[in-house]
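Thanks for coming. I have one structure to go through today, and I will keep to a handful of local features. Please have the sequence and the view open.

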Amino acid sequence: QRKLSVASGTTINWLEPKISLANHFKNGAAQNFPTEINKPASVREEQSVAEPCQLTREPEEISSDEELEDICDDKEDDLGAVEEQRSVILHLLSQLKLGMDLTRVVLPTFILEKRSLLEMYADFMSHPDLFIAITNGSTPEERMIRFVEYYLTSFHEGRKGAIAKKPYNPIIGETFHCSWRMPKSNVATDVGGNLSAHSTSEQVTLSKDMEGQKELDCYTVKFVAEQVSHHPPVSGFYAECVERKMCVNAHVWTKSKFLGMSIGVTMIGEGLLSLLEHGEEYTFSLPCAYARSILTVPWVELGGKVNINCAKTGYSASINFHTKPFYGGKLHRVTGEVKQNSTNTVVCRVQGEWNSMLEFTYSNGETKYVDLTKLSVTRKRVRPLEKQGPFESRRLWQHVTESLRDGDIDKATEHKRALEERQRNEERLRAETETPWCTKYFLKEGDGWVYHKPLWKTVSAAQTQQTDTN
């Protein structure tokens, strides 16, 4: 580690270069930590949570009945910390080189968002009604268009405010669980259902009366994410709606680069949406993300081309997220088209901004406008902290989050260091004992990661069993 002379009470830590694990702790890293006796009990607990692999990595069934509507609402509009710590950012930037990989750079705690990256991925499902409505499409063409509509409306909720902040880097083995309940009457069944029908004040939540109704009145979408690898930092996430026989499985590896006054994050990986009622699979990729103006008011934009493809039906979509040109141009612009591959016919075009207004033009000449600022957001359901396991995101990072809420950056940094130090110690121990890491919910398949019990396997097994019985 290298210490920098920066503002009082703040330290920027640099993780060691890629050297053999045996040499990882020869650089005096321990000097940055107070003695055990002076550490808060919660920090000592964070460093000692390590449990044997075989005891902690067994999959467990999380009942959605234990989950309660999430009341956490951490908006990230506070510029105070960024303003106060600008000298720290300047010191950090002075040490970076263009194109430098930031994977092993520990960024200052004050720029962190108060949640884990795994929880941020759950925001892709903030409109479960649009997700479920995909399988209601009456033709392959309509289902592809509905998927594109859902895909383009899934990014805006991931930002908790106008300020670009970075979620916690998940610890290997960290998991996040949640679910959504959606009244069946709220899911569009008509062709090209009106996506802009709700106002922002009409957040779709379940009243106490509805909580008491039978689950048959609601669709349930379950979500689980797990950090399956540390180097490279790979996250796996999976969501399913059993009632509609549909699920999505994805693995993402984030790679950050320093671009001068910006930081670019490449989302390496692939997702797979399965509509079992139709026997269709849709592969898709994710755009790059950029944190711009990191010295003034940092903000996020998306960029790059993504593709969606369904091999069975022959429909595909290409979507371009346009970054703002240096002079002029609109922010957050997106364009795209849906094609029938065999005839090369464009059946739908889309243009607009991914965080405000989208315009869909169909082959029959009809046009539909989607105002994302008025789309209802369904709150996720999460188990109370006391019922979560020690490696579930909110419990794992609870002391960091509480310190950030209290504005105590030093204490947040201390808790964060304890978690990262424990992760490095465990990694070194596994290397010395040649013990492979055991994932909990996701299995390595080829270059990707697949949920251990995907819906396509359980449905197939149930159908086989039914056939044998008959």
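Let me start with His-156, which touches His-127, Trp-354, Asn-355 and Leu-372, leaving aside residues up to four places away in sequence. This is a predicted model, so please hear every value as computed. With His-127 there is a polar contact, side chain to side chain, at 2.9 Å. His-156 sits in the loop between helix H7, residues 140-152, and strand S5, residues 166-168. Is His-156 buried or exposed? Its relative accessibility is 14%, and the cut-off for buried is under 20%, so His-156 counts as buried.

H7 has 13 residues and spans 19 Å from first C-alpha to last, close to the 18 Å expected at 1.5 Å a residue. The helix is mostly covered, with 11 of the 13 residues buried. Among the buried ones are Glu-142, Arg-143, Arg-146 and Glu-149, along with Phe-147 and Tyr-150.

Tyr-150 brings me to the aromatic pairs. Over the whole structure, the search finds 18 of them. I will show two. In the pair of Phe-131 and Tyr-150, the ring centres are 5.5 Å apart and the planes are at 55°, so this pair is tilted. Phe-131 belongs to helix H6, residues 128-133, and Tyr-150 to H7, so the pair ties together parts 19 residues apart in sequence. Both Phe-131 and Tyr-150 are buried.

In the second pair, Tyr-238 and Tyr-451, the centres lie 4.2 Å apart with the planes at 10°, so the pair is stacked. Here Tyr-238 is in strand S8 and Tyr-451 in strand S21, residues 448-451, so the parts tied together are 213 residues apart in sequence. Tyr-238 and Tyr-451 are both buried.

Now to the loops on either side of S8. On one side, Pro-232 lies in the loop between strand S7, residues 218-229, and S8, residues 234-241. The peptide bond from His-231 to Pro-232 is cis, with omega near 0°. Lys-245 is not a glycine, yet its phi is positive, near 50°. Its relative accessibility is 34%, so Lys-245 counts as partly exposed.

From S9 we go on to its partner. S9 and strand S10, residues 263-275, run antiparallel and are joined by 13 bridges. Phe-258 has Ile-263 in S10 as its bridge partner. The S9 and S10 hairpin has 4 residues between the strands, and Gly-260 there takes a positive phi near 95°.

Which other strands does S10 pair with? One is strand S11, residues 280-284, antiparallel with 5 bridges. In that pairing, Leu-273 stands opposite Tyr-282. This hairpin also has 4 residues between its strands, with Gly-279 at a positive phi near 65°. Another is strand S12, residues 288-292, antiparallel over 3 bridges. Ile-263 has Ala-291 as its bridge partner in S12.

One last backbone point. Glu-434, not a glycine either, has a positive phi of about 55°. Glu-434 is found in the loop between helix H11, residues 409-433, and strand S20, residues 442-445. With a relative accessible area of 71%, Glu-434 is exposed. That is what I had; I will take comments now.

Conventions
Residues numbered from 1 in each chain as written. Predicted model: local features only at pLDDT ≥ 70, side-chain atom pairs only at ≥ 80, totals over all residues. Heavy atoms only, no water. Helix = DSSP H or I, 4+ residues; strand = E, 2+ residues; numbered from the N terminus. Buried < 20%, exposed > 50% of the residue type's maximum accessible area, 1.4 Å probe, protein only. Polar contact = N/O pair within 3.5 Å; in protein donor to acceptor, adjacent residues only side chain to side chain. Contact = heavy atoms within 4.5 Å. Pairing = 2+ DSSP bridges. Expected span 1.5 Å × (residues − 1). Phe/Tyr/Trp six-rings, centres within 6.5 Å; stacked < 30°, edge-to-face > 60°.
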